[in-house]
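Here are a couple of exercises to work through with the model open beside you. Have a go at each task before you read the solution.

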Amino acid sequence: MITIHAHVAAARQRLRAAGIPADEAEIDARVLAEHLLGWDAARFFSSANQEEPEGFAADYERLVARRAAREPVAYVVGRQEFWDLSFEVSPAVLIPRPETELIVETSLELFPDRVVEVTIADVCTGSGCLAVALACERPQARLTAIDISGAALDVARLNAVRHGVGDRVHFVRANILDRVTDCFDLIVANPPYVPDGERASLQPEVRDHEPALALLGGVDGLTVVRRLVEQAPSRLNDRGVLIFEFGIAQVEPIAGLISASEGLTMIDVRRDLQGIPRTVIARRTRVS
Ligand SMILES: C[S@@+](CC[C@H](N)C(=O)[O-])C[C@H]1O[C@@H](n2cnc3c(N)ncnc32)[C@H](O)[C@@H]1O
């Protein structure tokens, strides 16, 4: 008899041999089996000593081979958790990262009232993770989710409907804020910010599988950010707030861009759980 557990142990070794770190290989081998079986972690730990169901070996092999080719596990299973919500993901969208939750956390802190109507734009929405999480947390909010990629917007739309907020999120295909004429109380963004020249040094999961459009931000990584900082003041209500994520070692150029902007005043820079400056908060400068 071959148990599920034996298959998972063999997959773990294979993933390690493919260059995946041991702790990740262990989790991924198990997650792929759970996905195939429709089990949660508790069921896996109580039942993995059972004999493999019919057809399991061949189906599991196909999933493990994809992961061994360094495809991210989130694309293999088609979903990723963000802000305790499950998001559908495909290779058309960036896989939501834990550090991006800092934008949600900061937004909720600055707009603490659940019942106040607030207007929010999520620029570079990708999977829609920011727009959907904010819509779930602020039931009176109306959102505009913008992306230049039609394929990404299809995924974002699906996620909004799945989480029951499709009627409050308006989707726009646009280059940053080009085709957006409304003004907002809050603009959030996780723009592409990796300098083009750093692409080769990214890990294979990112470099070879996630969309370049979602990652690369031009020679210095700041092409989209620069335009966002330029456009945001005219799309913010009086005292409106802009919150966006940036990359490692970009805090100084970002602070420079904001202090050079007549329309924005720097409020704060927040660090992620690893202590890396990640998120900037700026407010529309009061017009006197
Ligand atoms: C880093 S991903 C962020 C996705 C999602 N907000 C997240 O945090 O996981 C950046 C997104 O920006 C989109 N994008 C790239 N350039 C853009 C532009 N000029 N205007 C609008 N969206 C753009 C990409 O298609 C991608 O979906």
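**Exercise 1: the sheet**

Work out the strand order and find the edges. Start with the order: seven strands make an open sheet, β5-β4-β3-β6-β7-β9-β8, with mixed pairing. Here strands are DSSP E runs of at least two residues, and helices H or I runs of at least four, both numbered from the N terminus; strands pair if DSSP finds at least two bridges between them. Next, the edges: β5 (169-173) and β8 (264-271) each have a single partner strand, so one side of each lacks a neighbour in the sheet.

Before going on, a word on the source: this is a predicted model, where local features need pLDDT of at least 70, side-chain atom pairs count only at pLDDT 80 or more, and totals for chains, interfaces and linings use all residues. Residues are numbered from 1 along each chain as its sequence is written, and side-chain values use heavy atoms, leaving out hydrogens and water.

Now zoom in on one pair: β3 (residues 119-123) and β6 (residues 184-189) run parallel over four bridges, and A121 sits opposite I187 in β6.

**Exercise 2: the ligand**

Step one: 18 residues surround the ligand (a heavy atom within 4 Å), C124 and I176 being among the closest. Step two: a polar side-chain atom of D147 is 2.7 Å from a ligand oxygen, while N190 places a polar side-chain atom 2.9 Å from a ligand oxygen. Step three: I176 uses a backbone N or O atom, 2.8 Å from a ligand nitrogen.

Technical notes:
A polar contact is a pair of N or O atoms within 3.5 Å; within protein, one must be able to donate a hydrogen and the other to accept it, and residues adjacent in sequence count only if both atoms are side-chain atoms.
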